[in-house]
Amino acid sequence: MAKGQLQLAMEKTDGRMDRDKRGIRWLFSNVTEDTEMETFALAIPGSFDEEWGQKVWEEVFKADDDGVIPDNATPEHPTIYDDLCQRIGRLLATCANRGGLFANEDARLRRIGACINVAALLMFKARAKLNMFGEIGGLLGELGLADTFSASAASPAGGTHSLLTARWTCVSLVAIRQMLKVDLLSELAQYAVSGLARLQSPFGSSDEAALASAEAIDRRLEGAWNYVEELDRALEPLDPSKPIPLPQVKEILSTHESDVSGLEGIGDETDVNENVDWRISLLQDAMDKATHTLTRQLPGVSFNESRRTEPALVSEAFIFHSIGTSPVLPQLVFPLQQLRSLHTLGRKFRNIMDGSHTGGHERALRSLKSINQIPVQLRRLKDPMKRQLWRLRDLRDGCGLGYTVELFFLALRQLKETDEYYKQTFDNIISPWKDSKDSFGTHQILLNLICDLVIQDRGIFSNYTYPEYITTRLLRLTVDILDGYQSDVGHVEAALRELQGVPRQQCFDRDFQSNAINQLRGIDAVSQDEGHVPAT
């Protein structure tokens, strides 16, 4: 009889639903201490594992039994849904104290893991809004969790270190998307764009002038690398770790006069040129402040630094990190700092040839040899400065949508765990895409990302297989944004031509290539203008 009563009590009936709902509400209402709240938080993910558990929580979250899950916290009418999110946020805030609240660091990490896991679960499975947890974005930045989870020997609550890093990254990306929507960043992005425009004219402020400057910088960088690599090959037999006779160096350089002249010819840097890097550094500093340095802590994301003094080695102006064997280009770079380092190397070689650099030839050779620390892929990226201009214009006009999408793809490439929240994270990041519909910079970021995924060695997103549900959603987003665009669609047609013209041996993903071509062809403005061939 007892067994039969137990089975009856456990049947998935309305009666059991009501009992489970009332039990959770009673338990939560009686949790008062942080340690009790932590224990409660630890139990939540397991109760979501099955369909029945999710339905119970949906009933728990309904405000005043009116059948509606609340969208937002309201101080006048708080609900258990609001209260749970707020208390998780407050519990996470206690983890900022590394002092006497915790018996040891492992205990603090377990609480952090519990909070991150529940926050991710509520955001991606129960439609909680980020602001319901309080200032969780700032907390994530201040706690620096990505490195903590990957390096600590503790076993954080809710999963492995890599899984918790993935959940932390997902919540952080959603937070960053919101943090980038501030007027100051838009204004400083415009300030950086106008700095590029001034390279064409002292009074330049137009996007066309900025584009011309970006293209000129890309050409100069490409040419400079050709000269440097040719000189490196010529001087390769010399060992800079041993004394090298100056006459031998001069003799080799004399046979490469054109390469030395080419490096010199990329130009001396003027005050206006320095102003470009300074303006970019202002934007980067403001982004660090707005995001509480959260962007710098994302796995797979790299940042360059503006140097006030001339680098001793060429490689110091090109500081790149790697994900495994794949190099990562910083999100914002300082182009004139890079050009100056290459130009300075050319001047040093000229002084050696002229006999006015008698004591420094070995330092010049060490600087040249340092280029081998710079991955070849990053010397041959397609239009790196133009792509930076698109990021600036996206931050100015597109609320940082394209910039955050790039962060997502960089982070996803690094994360080891396959997590169910990646799709929800991506959808959360792009959900307000209509605000970016008219942003040309956003368009270009998305189109370049698609081309990178198709073409080997084209850019920083090339040579990696992303989940199909993410790449499919990327295509859908791109089509949604571009459909109905009222201005010239030459940039879309240029991307189509590039995708259609990829040689078979250079195509990384033929299925995605075919899908991308079909999707972009379906855009109204493109399909209505098939005979138009715009300038690239």
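Let me start with a polar contact: a polar atom in the side chain of Gln513 lies 2.8 Å from the backbone oxygen of Leu499. Before you read too much into a distance like that, please keep in mind that this is a predicted model.

Gln513 itself belongs to helix α25. Its relative accessibility is 7%, and since buried means under 20%, Gln513 counts as buried. If you set aside the neighbours within four places in sequence, the residues in contact with Gln513 are Val454, Leu499, Val502 and Cys507.

Two packed helices are described by the angle between their axes and the distance between the axes. For helix α24 (residues 490-500) and helix α25 (residues 510-521), the axes come within 10 Å and cross at roughly 150°. Angles over 145 degrees count as roughly antiparallel, so α24 is roughly antiparallel to α25. The crossing of α24 past α25 is left-handed. On the α24 side, the contact is made by Val492, Leu496, Leu499 and Gln500, while α25 brings in Gln513, Ala516, Ile517, Leu520 and Arg521. Sorted by class, these residues are six nonpolar, two polar and one charged.

The second pair is helix α2 (residues 14-29) with helix α4 (residues 51-61). Here the axes come within 9 Å and cross at roughly 65°, and α2 passes α4 in a right-handed crossing. From α2, the contact takes in Arg16, Met17, Asp20, Lys21, Ile24 and Arg25; from α4, it takes in Trp52, Lys55, Val56, Trp57, Glu59 and Val60. This contact has six nonpolar and six charged residues, with no polar ones.

Is Lys12 buried or exposed? At 60% relative accessibility, Lys12 counts as exposed. Lys12 and Trp52 are 40 residues apart along the chain, and their C-alpha atoms are separated by 7.8 Å. Trp52 is also one of the α4 residues in the contact with α2.

Best wishes

How values were computed. Residues are numbered from 1 along each chain as its sequence is written. This is a predicted model: local features need pLDDT of at least 70, side-chain atom pairs count only at pLDDT 80 or more; totals for chains, interfaces and linings use all residues. Side-chain values use heavy atoms; hydrogens and water are left out. Axes are lines fitted to C-alpha atoms, for helices over the stretch in contact, and angles run from 0 to 180 degrees between N-to-C directions. Helices (H or I, at least four residues) and strands (E, at least two) are DSSP runs, numbered from the N terminus. Angles under 35 degrees count as roughly parallel, over 145 as roughly antiparallel, 65 to 115 as roughly perpendicular and the rest as oblique. A crossing is left-handed if the near helix is turned anticlockwise from the far one by less than a right angle, and right-handed if clockwise. Contact means heavy atoms within 4.5 Å. Ala, Val, Leu, Ile, Met, Phe, Trp, Tyr, Cys and Pro count as nonpolar, Asp, Glu, Lys and Arg as charged, and the others, Gly among them, as polar. Buried means under 20% relative accessible area, exposed over 50%, partly exposed in between (1.4 Å probe, protein chains only). A polar contact is a pair of N or O atoms within 3.5 Å; within protein, one must be able to donate a hydrogen and the other to accept it, and residues adjacent in sequence count only if both atoms are side-chain atoms.
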